[in-house]
Amino acid sequence: MRRYGKHTDEDDIRSRPNRKGNRPRTHIRPKHEDAAEGLVLTVDRGRLTCLVDDRVVLAMKARELGRKAAVVGDRVGIVGDLSGRKDTLARIVRIEERTSVLRRTADDDDPYERVVVANADQLAVVTALADPEPRPRLIDRCLVAAFDGGLEPLLVLTKSDLAPADKLLELYGDLDIPYVVTSRAELDSGEAADRVREQLDGRITAFVGHSGVGKTTLVNALVPEERRRTTGHVNAVTGRGRHTTTSALALPLAGAGGWVIDTPGVRSFGLAHVDPSRVIHAFPDLEPGTEGCPRACSHDEPDCALDAWVAEGHADPARLYSLRRLLATRERTEGD
């Protein structure tokens with residue numbers, strides 16, 4: 001074996017040729033300042049359908065983004081073939097800063113959080129009043145996720161012809177959440193879509209709900225030119241519907257200047273990622289009272305300053321009860 005001494009010449013050093021003939025790797029990445037702006041409409045097995053100007057472009061994520069993934073609602077920078085023609089593929093090289101994030105985990109013990117939708121203004125929680133029966137704990141969890149992620153909640157109650165809405169609405173009266181109550185007849189006539197559309201004007205709204213509650217049926221009524229397959233069936237034994245929407249999809253709301261994002265039906269909504277200190281921001285009448293709370297206060301313990309704040313008349317006791325009920329959803333199962 002040849003060994004080199006202290007005074008070697010450059011000619012003595014052997015260098016391996018680059019057999020691939022490509023450039024050596026570098027940590028300096030291009031800035032892609034000429035990247036076009038796009039909106040992610042849906043994601044399917046690593047391929048992202050994006051809207052660039054008025055064209056629908058299929059793209060994939062650039063390797064330089066690493067583990068950072070783009071989701072429906074993301075504003076992204078795209079380079080490559082932006083013609084939108086068949087069999088063309090562009091590349092997403094940048095994900096812009098998000099204004100809001102709807103996240104969930106598989107369950108409350110799962111540390112891995114999944115981003116469902118980005119940059120939505122509003123979360124429409126769709127719940128049937130019967131067939132299947134409403135699940136208030138699941139509604140509570142969706143509300144917590146909305147407050148935590150910076151989305152304003154909206155309750156959409158369907159099938160009012162099968163059961164009254166008064167009892168369920170009473171649970172959320174102190175939260176001042178807007179709501180729309182619809183029946184199957186109103187859904188067929190288009191009246192339900194018209195009333196829901198009033199709440200969506202000029203906004204990006206993500207729809208979430210348990211399987212079989214009529215969520216996708218409502219989305220089809222709101223955006224009839226982009227109909228998605230609906231369930232139409234609820235299991236008589238379990239009271240659950242089948243998942244028919246398998247991926248989130250953003251659809252333009254005609255005439256209202258907004259967007260509707262239909263998401264797959266959920267049977268659980270884990271909140272392992274939620275920090276109670278962020279949920280309090282959705283209660284501006286209670287938030288000033290937390291200044292005297294001990295560090296890392298859960299807002300449901302003996303030393304919580306909110307009890308004194310409410311006792312002094314600064315806020316309605318029902319509001320504190322509502323806050324604590326929502327925060328307690330992590331300690332309760334969704335079927336309770």
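**Salt bridges**

Mentor: We may start with R278, which is partly exposed, with a relative accessible area of 28%. Please bear in mind that this is a predicted model.
Trainee: Which residue forms a salt bridge with R278?
Mentor: D148 does, and the closest N and O atoms of the pair are 2.6 Å apart.
Trainee: Is D148 buried or exposed?
Mentor: D148 counts as buried, at 9% relative accessibility, because the cut-off for buried is under 20%.
Trainee: Which residues are joined with R278 and D148 into one network?
Mentor: R103 and E113 are, through salt bridges that share partners.
Trainee: How many salt bridges does a search of the whole structure find?
Mentor: The search finds 19. One of the pairs is R325 with D140, where the closest N and O atoms are 3.4 Å apart.
Trainee: What does the pair of R325 and D140 tie together?
Mentor: R325 lies in helix 8 (residues 317–327) and D140 in helix 1 (residues 136–149), so the pair ties together parts that are 185 residues apart in sequence. R325 counts as buried at 7% relative accessibility, and D140 counts as buried at 0%.
Trainee: Changing topic, where does D161 lie?
Mentor: D161 is in the loop between strand 9 (152–158) and helix 2 (166–172). D161 forms a salt bridge with R184, with the closest N and O atoms 2.9 Å apart. D161 counts as partly exposed at 40% relative accessibility, and R184 counts as partly exposed at 41%.

Technical notes
Residues are numbered from 1 along each chain as its sequence is written. This is a predicted model: local features need pLDDT of at least 70, side-chain atom pairs count only at pLDDT 80 or more; totals for chains, interfaces and linings use all residues. Side-chain values use heavy atoms; hydrogens and water are left out. A salt bridge is a side-chain nitrogen of Lys or Arg within 4 Å of a carboxyl oxygen of Asp or Glu. Helices (H or I, at least four residues) and strands (E, at least two) are DSSP runs, numbered from the N terminus. Buried means under 20% relative accessible area, exposed over 50%, partly exposed in between (1.4 Å probe, protein chains only).
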